[in-house]
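Hi,

Here is the structure I promised to pass on.

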Amino acid sequence: MPRITRSVRDFVLPLEPSGSLDASLSFQLEEDAAALGIRLHTKVQKRLAQEHAELQSERTVLRTLEHDDFECLVRGRVDVLIPGVVPILEEIKTTFQPQGLLRALEANPFHPFAQQVRMYAWLLIQTSETAPTCRLRVISLLDEIETVVEVPFDAEAFSVWVEAQLQGLHRQHLEAVARAAERTATGLGLHFPFDAPRPGQERLLALVEESLNDQARLLVQAPTGLGKTAAVLYPGLQKTLADDLRVFYLTPRNSQHSVAEAFVRRLREAGHPVRSITLRAKERICPQAEVHCHPDVCPRAKGYYDRLKESCALARLAEAGCADSELIQELADEFNLCPFELSLDASRHADVIIGDYNYALSPSATLVRFFGDEAAQAKNILLIDEAHNLPNRATAWFSPALEVAQLSPDFAFDL
Ligand code: SF4
């Protein structure tokens, strides 16, 4: 029986996002905020445990849900459970934008955070425990002020929602299986799109293939003109298509983006329907005067998901095959979409993701959707161009930075 595993947090995410983009209310926190949030989270759990001797924190819940011939193992850990005649179940959320989150929770009773706490309650009552009172504890990362929000929980109505969610996940799973089969077929028919490899290129092709099969790291130094991009991308693509993975072709130079795109185009001209997407930094492609990704400020963020669906922009990028930044920009302008989010959304369906080192390696800009956990990371093949740049990049990533502007006082007096 086909089986997938989802954390509670992922299980409750909308199957098809709708409405607006709002980075401040993102379900995925930025790295710094996440680290700060974990510390505050633990501190509050400890304090609550002192107030309630019988309190259980981080209680594991685990259940296999079935739909037709499909199984989904759902697992998670309850932040706070206070047993009693009517137990209290709490999920703690830390944020730099508490008021924004509270407004969002009020506006949307089915906000993923509210669904998450209901899902924990629903899982607990499957083992015949009394339905608990559900709460969200919203804590400000700025001043640690806490607000407790009651989340209404109707077990019967929620069971209907769980069933619908399970059906949706089953549908997505079948689509993923069909896409994997399509990719396998593309991989089997793939051939090197040039008459014959150049001298030295053949050796490199074999080395890359061997190291990918052995899951080994390979460091190569080769002269200009050998055809390195094709020699690493070709076996990378063969592996990625055969094993349903994705290739990240990481390069700091835009000119190298074009070389990788040209290779993908060449493969497509040779009849291989591979897909690539090129990611560019948000600050570079944002058409707004200021990068402020809030629907009240940016018209491209407001209603983004609704327009994305109506526009079929994702299907058009998939059809184009090689989605370079010009095409992304063009479609984003045509449908008033955020070009950065459009490229990220399209990257889910790409065989090759072309972009800067940051997306895979920077501690603050790594794409959570592809590097968020070990299972996601295991699906990535990293091909790193000009790797000699990495020590300098790493120094910048891991060194605290202070700019002159930050030192400028608001007032200065010469007495
Ligand atoms: S267009 Fe710019 S400001 Fe608007 S959501 Fe995109 S990156 Fe953010």
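Strand 7 (residues 246-250) is joined to strand 11 by five bridges, and the two run parallel. Within that pairing, Leu 250 stands opposite Ile 384.

Some housekeeping before the rest. This is a predicted model, where local features need pLDDT of at least 70, side-chain atom pairs count only at pLDDT 80 or more, and totals for chains, interfaces and linings use all residues. Residues are numbered from 1 along each chain as its sequence is written. Helices (H or I, at least four residues) and strands (E, at least two) are DSSP runs, numbered from the N terminus. Two strands pair if DSSP finds at least two bridges between them.

Now the overall picture. The protein has 18 helices and 11 strands. Its radius of gyration (taken over C-alpha atoms) is 24 Å, close to the 22 Å that the globule rule gives for 415 residues, so the protein is as compact as a globular protein of that length. That rule is 2.2 Å times the number of residues to the power 0.38. The C-alpha trace spans about 80 × 75 × 40 Å along its principal axes. Of the 415 residues, 28% are buried, meaning 20 or more other C-beta atoms within 10 Å of their own; exposed means 12 or fewer, partly exposed is in between, and C-beta atoms are placed from the backbone.

The protein is divided into domain 1 (3-169) and domain 2 (188-395), with bounds that come from an automatic or database domain assignment. Their C-alpha centres lie 33 Å apart.

Strand 3 (residues 70-82) has several partners. Strand 1 (residues 3-7) runs parallel to strand 3, with five bridges between them, and Arg 6 stands opposite Val 74 there.

Which residues come nearest to the ligand? They are Cys 286, Cys 293, Cys 298, Ala 301 and Cys 338, out of 13 residues around the ligand (near means a C-beta atom, placed from the backbone, within 6 Å). The shell has nine nonpolar, two polar and two charged residues. Here Ala, Val, Leu, Ile, Met, Phe, Trp, Tyr, Cys and Pro count as nonpolar, Asp, Glu, Lys and Arg as charged, and the others, Gly among them, as polar.

Last, Leu 314, which sits in helix 11 (residues 313-320). Leu 314 is partly exposed because 17 other C-beta atoms lie within 10 Å. Leaving aside neighbours within four places in sequence, Leu 314 is in contact with Leu 308, Asp 345 and Ala 346 (contact means C-beta atoms, placed from the backbone, within 7 Å).

Cheers

Technical notes. Two residues are in contact if their C-beta atoms, placed from the backbone, lie within 7 Å.
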